[in-house]
Amino acid sequence: MNASSMEHVMQQLSATTDLAERRRIAKESLEDALQDHQTGELGTYLGVNDPEQVVALIEIVHRCLEAGGDLSGFIIPIARLHHLDRKESEKTDTELYLQYRAAALLDALLAAEVPLPDEAVQLILVAGKRYVKDQATKQYICSIHWRLADSGVNISGAIPSLVTIFKNGETSELVQYSLLALWAAVRQGYFDTPIPDSDLSYQVWLKHLISSGTYKLKKKDEPNQLGIIGCLIETVRTYPELKGLASEYLEQCKIREPKRPTTDFQHDLKQYFDLCRE
């Protein structure tokens with residue numbers, strides 16, 4: 001699709017207020033823009049010829065969702081765009097922004113409880129193991145995994161990446177959404193999933209979750225402290241064999257047990273101490 005074709009598409013979209021017609025035009029345009037594009041080993045696209053035009057089409061599709069349209073025909077192409085199958089260092093700024101817009105749309109679809117085809121879910125899960133450079137895109141990826149886990153999709157393959165994001169804590173939002181995904185994984189039992197080609201399960205990452213979470217509680221101004229302590233409580237309840245380890249980290253981080261708790265966090269922290277002593 002060249003610039004004149006894109007301009008024609010935009011004119012068509014501007015000329016109609018009918019939602020079904022706008023979806024039809026956007027769908028046909030996106031299919032045309034992605035025609036004959038190669039996919040990599042992840043199943044996602046290696047790249048696109050004109051990422052700026054594809055970004056414009058994704059934004060149009062997103063507006064259709066906000067207007068209440070049926071976007072079922074767009075989901076798999078968008079999933080193939082949310083992580084181009086090349087190293088992040090090889091991608092242009094426009095390609096990185098394309099990934100951001102595609103991830104934002106996938107997250108919005110899940111938030112709107114739009115059912116994703118199995119193929120789209122598998123594309124997300126496979127790409128979830130890969131490094132993402134942009135923080136805003138990474139935040140959407142964490143949110144996507146949280147929503148998938150909450151809906152019953154096993155996200156165990158992404159646990160190492162999510163734990164790393166949580167530990168690094170580049171932004172409070174990344175801590176928040178990686179924590180939500182990991183907490184959902186604890187609730188759903190996904191840490192019990194065997195690691196491929198290993199005698200171990202993803203439970204080996206629970207130690208890192210507990211240590212990173214406890215360390216973050218040292219900061220009095222930690223904005224996610226309620227979520228962190230909630231996840232830690234859920235973790236030691238689900239895996240009581242980790243109570244001793246959890247107590248050691250509390251001691252190492254010099255976190256004191258509240259004697260007369262007054263805030264929600266202090267009540268939860270005292271409950272955590274009580275659980276660790278049981």
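Predicted model: local features only at pLDDT ≥ 70, side-chain atom pairs only at ≥ 80, totals over all residues.
**Exercise 1. The second largest pocket**

Solution. 
- Step 1. The most come from α8, with 5 residues.
- Step 2. By class, the lining of the second largest pocket holds 7 nonpolar, 5 polar and 3 charged residues.

**Exercise 2. The largest pocket**

Describe the largest pocket by volume, central residues and residue classes.

Solution. 
- Step 1. The largest pocket holds about 270 Å³ of space.
- Step 2. Among its 14 lining residues, Leu 217, Lys 220, Ile 255, Phe 265 and Leu 269 are the closest to the centre.
- Step 3. Helix α13 (residues 264–277) supplies the largest share of this lining, 3 residues.
- Step 4. Sorted by class, the lining of the largest pocket has 7 charged, 5 nonpolar and 2 polar residues.

**Exercise 3. Enclosed space**

How many cavities of 30 Å³ or more does the whole structure have, and which residues line the largest cavity?

Solution. 
- Step 1. Searching the whole structure gives 1 cavity of 30 Å³ or more.
- Step 2. The space in the largest cavity is about 30 Å³.
- Step 3. Its lining consists of His 82, His 83, Ile 124, Ala 127, Gly 128, Arg 130, Val 132 and Ile 141. These divide into 4 nonpolar, 3 polar and 1 charged.
- Step 4. Ile 124 and Ala 127, both in that lining, are among the buried residues of α6, as are Ala 120, Val 121, Leu 123 and Leu 125. The elements that cover the buried residues of α6 include α4 (75–81), α5 and α7.

**Exercise 4. The nonpolar core**

Identify the residues with the most contacts inside the largest nonpolar core, then list what Ile 78 touches.

Solution. 
- Step 1. The largest nonpolar core contains 88 residues, and Val 54, Ile 78, Leu 81, Leu 148, Ile 155, Phe 191 and Tyr 272 have the most contacts inside it.
- Step 2. Helix α9 gives the most to this core, with 10 residues.
- Step 3. Leaving out residues up to four places away in sequence, Ile 78 touches Leu 30, Ile 58, Ala 102, Leu 105 and Leu 106.

**Exercise 5. Aromatic pairs**

Why is the pair of Trp 146 and Tyr 177 classed as tilted?

Solution. 
- Step 1. The structure has 3 aromatic pairs.
- Step 2. The ring centres of Trp 146 and Tyr 177 are 6.2 Å apart, and their planes stand at 55°, so the pair is tilted.
- Step 3. Trp 146 is in helix α7 (residues 135–150) and Tyr 177 in helix α9, so that this pair links distant parts of the chain, 31 residues apart.
- Step 4. Tyr 97, Tyr 100 and Tyr 140 are joined into a cluster by ring pairs.

**Exercise 6. Loop residues**

Are Glu 113, Asp 197 and Glu 241 buried or exposed?

Solution. 
- Step 1. The cut-off for exposed is over 50% relative accessible area.
- Step 2. Glu 113, in the loop between α5 (93–111) and α6 (118–127), has 71% and is therefore exposed.
- Step 3. Asp 197 sits in the loop between α9 (172–188) and α10 (206–216), and its 86% relative accessibility makes it exposed.
- Step 4. Glu 241, in the loop between α11 (225–238) and α12 (243–252), is exposed at 54%.
- Step 5. Phi is near 60°, a positive value, in Glu 113 and likewise near 60° in Asp 197. Most residues other than glycine have a negative phi.

Definitions and conventions
Residues numbered from 1 in each chain as written. Heavy atoms only, no water. Helix = DSSP H or I, 4+ residues; strand = E, 2+ residues; numbered from the N terminus. Buried < 20%, exposed > 50% of the residue type's maximum accessible area, 1.4 Å probe, protein only. Core = buried A, V, L, I, M, F, W, Y, C linked by side-chain atoms within 4.5 Å. Contact = heavy atoms within 4.5 Å. 1 Å grid on protein atoms, 1.4 Å probe; cavity = no way out; pocket = protein on both sides within 12 Å on 5 of 7 lines; lining within 4 Å. Points joined across faces, edges and corners; volume = space filled by probe spheres on them. Nonpolar A, V, L, I, M, F, W, Y, C, P; charged D, E, K, R; others polar. Phe/Tyr/Trp six-rings, centres within 6.5 Å; stacked < 30°, edge-to-face > 60°.
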